[in-house]
Amino acid sequence: MSEVLAFFPSGDMILYLVVMGFMAAFIDSVVGGGGLISVPTLLAAGLNPVLALGTNKAAAVMGAATGAFTFFRSGKVDMSLMKYLFPAAFLGSIGGVIVLRQIPPDFLRPLVVVLLVVVTLYSVFKKEWGKENTYGGLTPTILRLSILASTVIGFYDGFFGPGAGSFLLFSFLLIGFDFVRAAANARAINFASNLGSVLFFIAIGEVDFSYSIPMGLSMIVGAQCGARVALAKGAAYVRPLFLIVTSVMIGKQIYTLICG
């Protein structure tokens with residue numbers, strides 16, 4: 001009996017996972033960046049880096065599915081795009097996890113900092129950007145660029161991850177979606193990348209379900225709350241949260257670069 005009980009985290013640990021998982025999913029369902037909370041939470045719980053990434057994906061996929069479904073029910077997800085972009089991100093993320101097993105991803109950190117700075121500054125100076133939906137429909141150029149972006153960001157999400165949700169949101173803003181619709185479509189694609197990577201992490205045995213299940217269940221609630229608040233508050237809420245989260249991510253990546 002003691003061996004069975006030892007498999008499960010303690011009550012304090014479960015509470016810790018639940019609280020942090022809720023916070024991570026609430027933010028992630030709107031603008032991405034939830035991994036800034038959930039991955040350090042799992043590392044602090046004693047998991048090694050690869051196991052923490054796999055366990056985080058197993059939890060995050062529950063929140064991502066919930067957030068995507070909530071946005072889908074609201075009619076904010078563009079299904080004409082999703083039928084192309086979902087499989088692209090799914091396959092890209094599997095490729096990212098495969099490469100992760102061969103190459104440490106830390107060399108990407110300086111590039112991620114630069115990209116996050118560009119994304120944040122662009123969003124700051126284009127103050128009217130994302131307030132109204134100007135997306136004019138699917139064209140061959142938009143389709144090709146969107147498939148490329150989803151594949152690359154999906155690969156990045158499986159390989160490294162920080163900022164993937166924010167990069168997705170930014171890419172949808174670029175083609176004319178307002179902040180809420182961009183968040184909705186980004187959440188659907190992020191679900192695809194999480195799903196692809198977690199299936200591979202499970203296949204190679206790098207998921208601790210005793211941690212991912214309680215965290216994932218709280219992420220379901222957090223993601224639903226975050227998506228509903230975004231739908232109710234609109235761009236006036238999503239835009240500043242996006243800027244705050246990307247700024248925090250920049251600081252976190254710079255700190256890691258300097259301090260290790």
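Start with the lining of the largest pocket and colour it by residue class: you will see 25 nonpolar, 16 polar and seven charged residues. Here Ala, Val, Leu, Ile, Met, Phe, Trp, Tyr, Cys and Pro count as nonpolar, Asp, Glu, Lys and Arg as charged, and the others, Gly among them, as polar. Bear in mind that this is a predicted model, where local features need pLDDT of at least 70, side-chain atom pairs count only at pLDDT 80 or more, and totals for chains, interfaces and linings use all residues. Numbering runs from 1 along each chain as its sequence is written, and side-chain values use heavy atoms, without hydrogens and water.

Next, select Gly35, Val39, Leu53, Phe160 and Pro162, which lie nearest the centre of this pocket among its 48 lining residues. A pocket is an open set of points on a 1 Å grid over the protein atoms alone where a 1.4 Å probe fits, with protein on both sides within 12 Å along at least five of seven lines; lining residues have an atom within 4 Å of a point. The volume is about 890 Å³, taken as the space filled by probe spheres set on points joined across faces, edges and corners.

Now show α4 (49-73), which gives the largest share of that lining, nine residues. Helices are DSSP runs (H or I, at least four residues), numbered from the N terminus.

Then move to the second largest pocket, of about 480 Å³. Select Ala149, Val152, Ile153, Phe167 and Ser171, nearest its centre among 22 lining residues.

How values were computed:
Helix = DSSP H or I, 4+ residues; strand = E, 2+ residues; numbered from the N terminus.
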